[in-house]
Amino acid sequence: MRQFSRHRRPTGQNTRGQAIRFWGRHAVLAALANPDRTVKRVWGTREALGQLDLPPVIPISYAEVTDLARLVARDAPHQGLVIEVDPLDSIHLSDLLQEEVDADSKRPLVILDQVTDPHNIGAVLRSAAAFDAAAIITQDRHSPPESGVIARSASGALETVPWVRVVNLSRALEEIAEAQYWRIGLMGDTETTLGSTLDGSKVALVLGSEGDGMRHNVMEHCDVLAKLPISPRMESLNISNAAAIALYAVATAGQ
């Protein structure tokens, strides 16, 4: 998958937090390879650091496995590597949509309404990377900040899939419609299946939280509501599983 050119505006460091720590080989290597990511420090075992080609400007500290465990979340599988990084700068929805238009792209968008579990955010990012989605979009007030848990769950995708945070999700959906996306809200309580709504148009998939689902105002800003064709024995799917299946359906539509 190609690295996305984020074209961020010069707004300075993301104000959602100070430096954060990532751990695990995939998350660490992806952050080091991302030119948009500022890496402030690296800790690691001699074995793990010996496999890396690190620029000399990054401070490096050799540490034992037990010392690294104290730097990360409890029982986190750090695999001998921990880094401290700055959050990525903000990405503006209008910039991303314009880039997709300029590229004549039909890559899907994934919109998450009040999905707050960092493991789920990371898993959705991973699926978005696997199926070449253009971005995930969340409401700033109702989504977690970047974290080591998200980076680990995303397995490197946090560095390659744009994550757009917006103030108002309904207004963002209006802007997305103006960019000629077909907005599909995923829910179980409808007779329309996702496959029947896919006609080759650019797609924005909208998923609600596992507890409350999509908010009414967000639902009203969808062009159609559709369900995944899962067995009636299964009431619902985990949000990350639903996103993966929906992205697969979009990727294979018409084949």
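A salt bridge, as I use the term today, is a side-chain nitrogen of Lys or Arg within 4 Å of a carboxyl oxygen of Asp or Glu. By that rule, the side chains of Arg37 and Glu159 meet in a salt bridge, 2.8 Å from N to O.

Some ground rules. What you are looking at is a predicted model, in which local features need pLDDT of at least 70, side-chain atom pairs count only at pLDDT 80 or more, and totals for chains, interfaces and linings use all residues. Residues are numbered from 1 along each chain as its sequence is written, and side-chain values use heavy atoms, with hydrogens and water left out.

Let me stay with Arg37. The bridge to Glu159 links distant parts of the chain: Arg37 is in the loop between helix 1 and strand 2, and Glu159 is in the loop between helix 6 and strand 7 (163–166), 122 residues apart. Helices here (H or I, at least four residues) and strands (E, at least two) are DSSP runs, numbered from the N terminus.

Arg37 also forms a salt bridge with Glu146, and there the closest N and O atoms are 2.8 Å apart. Glu146 lies in the loop between strand 6 (135–139) and helix 6 (148–154), so this pair ties together parts that are 109 residues apart in sequence. Taken together, Arg37, Glu146 and Glu159 are linked in a network of salt bridges.

Are these three buried or exposed? Arg37 is buried, at 5% relative accessible area. Glu146 is buried at 11%, and Glu159 is buried at 2%. The cut-offs are under 20% relative accessible area for buried and over 50% for exposed, with partly exposed in between, using a 1.4 Å probe and protein chains only.

Asp89 sits in the loop between strand 4 (81–85) and helix 4 (93–102), and it is partly exposed at 29% relative accessibility.

Now the domains. The chain is divided into domain 1 (20–85) and domain 2 (93–253); those bounds come from an automatic or database domain assignment. Their centres, taken over C-alpha atoms, are separated by 30 Å. On contact, meaning heavy atoms within 4.5 Å, 14 residues of domain 1 touch ten residues of domain 2.

How much area do the two domains bury between them? About 930 Å², with 56% of it on carbon and sulfur atoms. Phe22, Trp23 and Arg37 supply 38% of the area that domain 1 buries against domain 2, more than any other three residues. Buried area is the accessible area (1.4 Å probe) that two parts lose on being put together, summed over both.

Between domain 1 and domain 2 the count is two salt bridges. The interface also has five residue pairs in polar contact, both residues at pLDDT 80 or more. On the side of domain 1 that touches domain 2, the elements giving two or more residues are strand 1 (20–23) and helix 1 (25–33). Helix 1 gives the largest share, five residues. A polar contact is a pair of N or O atoms within 3.5 Å; within protein, one must be able to donate a hydrogen and the other to accept it, and residues adjacent in sequence count only if both atoms are side-chain atoms.

Across the whole structure, the search finds nine salt bridges. One of them joins Arg21 and Glu84, with the closest N and O atoms 3.8 Å apart. Arg21 lies in strand 1 and Glu84 in strand 4, so this pair ties together parts that are 63 residues apart in sequence. Arg21 is partly exposed, at 32% relative accessible area.

Next, Thr197, which is in helix 8 (residues 194–197). Thr197 is buried at 9% relative accessible area. A polar atom of its side chain lies 2.7 Å from the backbone oxygen of Leu194. Beyond its neighbours within four places in sequence, Thr197 is in contact with Trp182, Ile184, Thr192, Val224 and Ala226.

Last, the backbone. Most residues other than glycine have a negative phi. Gln114, though not a glycine, has a positive phi of about 65°, and it is in the loop between strand 5 (109–113) and helix 5 (118–130). Gln180 also has a positive phi, near 70°. Gln180 lies in the loop between helix 7 (169–178) and strand 8 (181–186), and is exposed at 58% relative accessibility.
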